[in-house]
Amino acid sequence: ATAATAATTGESNEQGTVNGASEVYPSVHCIPPIKSSEVASLRCSILACSAFVSLTLGDYVMAFEYGTQLLARPYLSGLENLLGHLYVAEALINLGKIQDALQHLSIEVASNFNLSSTDVCLLPGYTMTWNAGSAKAILYLNLAATYALRKDSEKARKALQQASSSVRGQDLPPQSVLLAVFLELQAGNVSSALHYLKRNQTGMTGKSGERGGKRKK
């Protein structure tokens, strides 16, 4: 009666059968144990991703918390260190604490980066060779934007120049052009702003004047 009930209801009996057929359990393969260093790296990656997602969702308090926890972790890689400072700085700016944000974008912070050279796609269609120089450039670019928010044009210009000199032979992200234009307009130099836009029009719209994947004829 028990077997018949199992066959009609689909319940398993003590022999491990369902509907009269034996269940097949997949074999479990042995895998190497995770090293403590890999666990630490995974935790850092989770914190960095959590900070980024919180910033995207506009939850700046949690972004600050995740970023602070990331920076407090031991044995941070150069990239994780950079991301931690950038995320905390952005969170602080959105929380109205610009002066505190500047501490995470300082020259002292930039001197602590130790990055191996590799190509990283920062934006669609824009790839930068990722090393200590490019890391400093991104930091200085964010520093310039922060000074611009404070309407401190002189320091913003200096930080933008430092960003450019950190990556000689490479172009800065397109945002740097927009920031330069903003600073010129803020100073009332409309002609200089137009000059920046014309000079960097190819970099802003894509190679060979392409826009949206189509070339104008």
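This is a predicted model: local features need pLDDT of at least 70, side-chain atom pairs count only at pLDDT 80 or more; totals for chains, interfaces and linings use all residues.
Local features were considered at pLDDT of at least 70 and side-chain atom pairs only at pLDDT 80 or more, whereas totals for chains, interfaces and linings use all residues. Residues are numbered from 1 along each chain as its sequence is written, and side-chain values use heavy atoms, with hydrogens and water left out.

Helices are DSSP runs of H or I with at least four residues, numbered from the N terminus. Helix 9 (residues 174-186) contains 13 residues and spans 19 Å from its first C-alpha to its last, close to the 18 Å expected at 1.5 Å a residue; the expected span is 1.5 Å times one less than the number of residues. Its buried residues (under 20% relative accessible area, 1.4 Å probe, protein chains only) are S176, V177, L179, A180, V181, L183 and E184. An α-helix has 3.6 residues a turn, so residues three or four places apart point the same way.

S176 has a relative accessible area of 9% and touches L141 and L160, not counting residues up to four places away in sequence; contact means heavy atoms within 4.5 Å. E184 has a relative accessible area of 7%. Apart from neighbours within four places in sequence, E184 contacts R157, N189, S192, A193 and Y196. The C-alpha atoms of E184 and L194, 10 residues apart along the chain, are separated by 9.1 Å.

Just after helix 9, G188 adopts a positive phi of about 85 degrees. The axes of helix 9 and helix 10 (residues 190-199), which are lines fitted to C-alpha atoms over the stretch in contact, come within 7 Å and cross at roughly 170 degrees. Angles run from 0 to 180 degrees between N-to-C directions, and the two helices are therefore roughly antiparallel, a term for angles over 145 degrees. In this pairing, V177, A180, V181, E184 and L185 of helix 9 meet V190, S192, A193, Y196 and L197 of helix 10. By class, this contact has 8 nonpolar, 1 polar and 1 charged residues; Ala, Val, Leu, Ile, Met, Phe, Trp, Tyr, Cys and Pro count as nonpolar, Asp, Glu, Lys and Arg as charged, and the others, Gly among them, as polar.

Helix 2 (residues 36-57) and helix 3 (residues 60-72) pack at about 160 degrees with axes 8 Å apart. Helix 2 is therefore roughly antiparallel to helix 3.

Terms used
Buried means under 20% relative accessible area, exposed over 50%, partly exposed in between (1.4 Å probe, protein chains only). Angles under 35 degrees count as roughly parallel, over 145 as roughly antiparallel, 65 to 115 as roughly perpendicular and the rest as oblique.
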